[in-house]
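New notebook page. I opened the model and wrote down what I looked up, one topic at a time.

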Amino acid sequence: MRVLGRRVYWRWYGEVLLSGNVVLRMTGDAAKWLCPGDSVRLSTEFKKPLLGFDEYALWGRFPLWPPFAKDLEHVREGPLGGEAYRYRLRAREAQFEADFEAIAELEQYHYASEKEVVALWVCPRCGQTLAANSKPLCQCGGEARLKEIKGSTPASRFLVLELKERLPFEPRILGYLRLDPPIPRMHRRTPDGRLERDIRERIFPPDWFHPTFEGGEDWEKALDQVETAAARIARVVVHPDYRSEGLGALLVQVALDWVRERGAPEGRRAKHLVYTIAQMARYHPFFEKVGFRYLFDTASGRPVLFYPLSEEAKEHLEHFLKEDPYARAHGGRLFQKSYGQVAGLPGPIRLEDVYKGYRSLLDLKGLSLEVEEVLSAFGVKARRVERAVLRGADLEVPPRSLVVLAGASGAGKTTLLRLLLGEPPDAGRVLLPGGRVAAYIPGEVEVPLGELPLLERLYREMGEVRAAIEVLNRVGLSDAVLYRARPQELSTGQRERFRLALLLALRPDLLLIDEFAAHLDVPTARRVALGLGKLCREAGITLVAATHRPEVHQALDPDLTVFVGYGGLVVVPRKG
């Protein structure tokens, strides 16, 4: 069959007319790539002139409809391997109006400010165009519909990551990826400042990047001319609460499958390459984790990373890395971890036959007459309360280990942390090997948050922006908008995570923390604990954390679990 015409109403709605006067309903993002005269193959069980979204399948050079989709199970490993938890997800091309509204809302997490909006909306009732970051209500009373996401082009296509199994307060769409044809031209700025024009075409065959989308007023004609062997990942945005979960890398991996299987974005030619221009790749390695290789910086200084989809592309890429003097120097690698290793404790922590108790005197001094009468009626006049927290306790904590203190409230977890921080026992010995110690005991030992923006504060503590960003990412504050926020602008849970980042910024040999996830919901607490545990293991930090939350315990995957209660300690080593 032949394509006779197309109409694109919205990104989520379009129609295509085939020979035989058959009309197909599909997304506008799919319809716009079908040119009059294209040969296609239609499969349907229905004999009618108008086929709905789910009533047919369509092929051209590649599968065209239904939209690309893939079900996924994303397993998060604990600090020592093994499953900590998993997500059940669906990655698919955006196809519903709600998908694009979610994309606009995610975009504002990344770029929105008081002076910048990320989307344009149009009111169907009065025709007015509105600029807003979320769906606005027009002054005429009409409900606006999304017209365009700023920064995208008519050639852009979108992949969304949907959370299939979620709690009521969790978002439906966790992230999105935008896929575009190659940009028309690209030049390189060398480390010595020289400009090398058309650098891509000196590395790979020029026709892999041309003819591409050039824009202009007649965007349909411009789309009809696109036929390249490369695709560009123009955007990867993950919900800020989920940015430490490996979902950015997952989106990129699925996008590679989309390009391989469907020749996306235009679907007219098999692809040899996928590339991205991403300044954030200097500070986050998820493109490199998928297998992208860094080749050069653009004229404006932004790094460009490539992924070969064919052996021919791989040969061209490897030849450039071998022969180009600047590429030889970096070897295709861009991201470098900056937090590094701490010196570590020089020996184990030991408690030997330790006794610790607390004594207090209760009396009626200073109380009102009414309260005195009530307490007297219960026989409470004056009483000395003595409570033994530890009786002859022994414990050894090896350096670079992760330890969780578990037990009921009031069992003595915080008391044990105080002893490790230097409070003397009543009897016995607490042997601390020295080294840098950082601690958080709410209401007793707290790092002041200050008033500086988050990234600025950590940069001043650590002396390096990359390391500061790495720490913020690990505690679940990996959002550019939050980087510039001040502590007083954060939620209670975000302040809790920032306090944890400040402790890590000290690069301690021993980290003592008491209920650091008290104000976090279960999924967030689990994510933060996983990031904390992994960083401590990588850096060689000895971590002793008190918690009563099973999801935190599980995500930390400790070497030792120490149950505290009734004056004793019961130590349970990690299995395996």
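I started at F292. Leaving out residues up to four places away in sequence, F292 touches I233, V252, L256, V274, Y275, T276, F287, L305, F306 and Y307; contact here means heavy atoms within 4.5 Å.

Ground rules, before I go on: this is a predicted model, where local features need pLDDT of at least 70 and side-chain atom pairs count only at pLDDT 80 or more, while totals for chains, interfaces and linings use all residues. Residues are numbered from 1 along each chain as its sequence is written, and side-chain values use heavy atoms, with hydrogens and water left out.

Which residues have the most contacts inside the largest nonpolar core? They are I233, F292, F498, L511, I513 and L532, in a core of 90 residues. Helix α5 (residues 247–262) gives the largest share of this core, 10 residues. I noted the terms too: a nonpolar core is a set of buried Ala, Val, Leu, Ile, Met, Phe, Trp, Tyr and Cys residues joined through side-chain atoms within 4.5 Å. Buried means under 20% relative accessible area, exposed over 50%, and partly exposed in between (1.4 Å probe, protein chains only). Helices (H or I, at least four residues) and strands (E, at least two) are DSSP runs, numbered from the N terminus.

Another core lies apart from that one; this other core has 25 residues, among them V397, L417, A439 and I441.

**Salt bridges**

How many salt bridges are there? I get 51, counting a side-chain nitrogen of Lys or Arg within 4 Å of a carboxyl oxygen of Asp or Glu.

I looked up R6 and E220. Their closest N and O atoms are 3.1 Å apart. This pair links distant parts of the chain, with R6 in strand β1 (residues 3–10) and E220 in helix α4 (residues 219–224), 214 residues apart. Is R6 buried or exposed? R6 counts as buried because its relative accessibility is 15%, while E220 is partly exposed at 31%.

Next came E162 and R172, whose side chains meet in a salt bridge (3.4 Å, N to O). E162 sits in strand β13 (residues 157–163) and R172 in the loop between β13 and β14 (173–180), so the pair ties together parts that are 10 residues apart in sequence. E162 is buried, with a relative accessible area of 17%, and R172 is partly exposed at 26%.

**Sheets**

I traced an open sheet of 4 strands in the order β1-β2-β3-β5, with mixed pairing; two strands pair if DSSP finds at least two bridges between them. β1 and β5 (50–51) stand at the edges with a single partner strand each, so one side of each has no neighbour in the sheet. Inside the sheet, β2 (residues 13–18) and β3 (residues 22–26) pair antiparallel over 5 bridges. G14 has M26 in β3 as its bridge partner.

I then followed an open, antiparallel sheet of 3 strands, ordered β11-β10-β12. β11 (129–132) and β12 (145–149) are its edge strands, each pairing on one side only. Strand β10 (residues 119–122) is joined to β12 by 4 bridges, and W121 has L146 in β12 as its bridge partner.

Which peptide bonds did I log as cis? The one from H210 to P211 is cis, with omega near -5°, and P211 is in the loop between α3 (199–203) and α4. A264 and P265 are also joined by a cis bond, omega about 10°; P265 is in the loop between α5 and β18 (273–277).

D198 is not a glycine, yet its phi is positive, about 50°. D198 lies in the loop between β16 (195–196) and α3. D353, in strand β21, has a positive phi near 50° as well.
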